[in-house]
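User: I would like to go through the terms used for this structure and see what each label rests on. Please set the values against the definitions.

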Amino acid sequence: MRIRPDGTPRPGKNTDTKIKKILVPRATFRIFLSTMGRLSEKTSHFTQNISNFVGTKLFIMRKVCTLLFILAICLPICGQMKKNTQYQQYINQYKDLAIQQMVKYRIPASITLAQGLFESHAGLSDLAVKGNNHFGIKCHNWTGATTYHDDDLKNECFRAYGSVLESYEDHSRFLTNSPRYSRLFALSNTDYRGWAHGLKACGYATNPLYAYKLINIIELYQLYQYDTATKYDRFIAKHSGTERVVADDPGLHPIYYYNKNYYIYAREGETFKQLGKEIGISYRALAKYNERDKHDRLHKGDIVYLKKKQKRASKEFKRKPHVVRAGESMYDVAQRYGIRLKNLYKMNHLDANYQIRVGDRLRVR
């Protein structure tokens, strides 16, 4: 627009720039569309590749997380893979009792033993020592004796028993009579894995690895072999559970297991008649098993076997002779290894009148 010297508009042609249409040839437009199409296709492929890459990474991350979870479960369990002598003694002590419970209540013997081992630390826990509680059962709906122990909470109430046998019986009844465990009895006696996971799922324990702990114990000590048993030692099943009557009470004699036999330690001045009456075995048979006179008085620490002794020592003593110590007799050696005296002489080609000497090496197997 033109302007006069005085600043007013001068009439005339408007000089504002006009926008003109730009005409693009059709061929050029087609090339443009084609180029944009190819670019869009490449962008789509790029996006797909990125998506595939991210998906692969997520898949790998899931696998890694799964592996870490498995390791978190397995590593604590692997720490128990080495066999424990105390565990084996517990198994030898109570396997017949566990089989008896299985026959009576249809609970796998392997599960009963594994729970007893884990919950009582092979009979050494405070609950087991003070209250004969081998399964960690608390006082819910319980009117019997009690003991207190820190667990999930401080000073929690647990059931206490007069003997280990009572603890095993109550454990069996606890599972049998509780509705929340009823589905477990649809499982086979040989399905120890199902029972282990079922006990955890039903709320027996709060430990997230409880099922795996039980399975590990069962497989390490081959406890599953007892799940198919149809026979058991009724005498030992009855008496092995009387190891402790109450804490710090001499009570009944603890029963131990060695070389496929059971034995007790005598107390000073006891007789075979006294022991036979307590255990329920003829005192004449008891004296015969131990190659003694039925009227003998026993001394503190004398080993008294409850069955006829074996002909040889256990396999661990193969090619491991016994070296005679000061004060030992052939009879002492025979009792130590749970073997018959006549067989000890026979294995070593010795006359019955032979007097052993300190340092003699005696074959026991």
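User: Why is asparagine 132 called buried?

Analyst: The model is predicted, so local features need pLDDT of at least 70 and side-chain atom pairs count only at pLDDT 80 or more, while totals for chains, interfaces and linings use all residues. Residues are numbered from 1 along each chain as its sequence is written, and side-chain values use heavy atoms, with hydrogens and water left out. Asparagine 132 has a relative accessible area of 2%. Buried means under 20% relative accessible area, exposed over 50%, and partly exposed in between (1.4 Å probe, protein chains only). Asparagine 132 is therefore buried.

User: Where does asparagine 132 lie, and what is its phi?

Analyst: Asparagine 132 belongs to the loop between H4 and E1. These labels denote DSSP runs, helices (H or I) of at least four residues and strands (E) of at least two, numbered from the N terminus. Its phi is near 55°, a positive value in a residue other than glycine. Most residues other than glycine have a negative phi. Asparagine 259, in the loop between E3 and E4, also has a positive phi, of about 50°. With a relative accessible area of 11%, asparagine 259 is buried.

User: What makes glycine 136 partly exposed?

Analyst: Its relative accessibility is 24%, and therefore glycine 136 counts as partly exposed. Glycine 136 sits in the loop between helix H4 (126–131) and strand E1 (146–149). Leaving aside neighbours within four places in sequence, glycine 136 is in contact (heavy atoms within 4.5 Å) with Glu119, Leu127 and Phe158. Glycine 116 is 20 residues from glycine 136 in sequence, and their C-alpha atoms are 8.6 Å apart.

User: Why is asparagine 348 called buried?

Analyst: Asparagine 348 has a relative accessible area of 16%, so it is buried. Its place is the loop between helix H12 (341–347) and strand E7 (361–362). Beyond neighbours within four places in sequence, asparagine 348 is in contact with Arg361, Leu362 and Arg363.

User: How do helix H3 and helix H5 cross, and which residues make the contact?

Analyst: The axes of helix H3 (residues 109–120) and helix H5 (residues 164–177) come within 12 Å and cross at roughly 115°. The contact is made by Thr112, Leu113 and Gln115 of H3 and Tyr168, His171 and Leu175 of H5.

User: How much of the protein chain is buried?

Analyst: Buried residues make up 39% of the 365 residues in the protein chain. The chain has twelve helices and seven strands.

Note on methods:
Axes fitted to C-alpha atoms, helices over the stretch in contact; angles between N-to-C directions.
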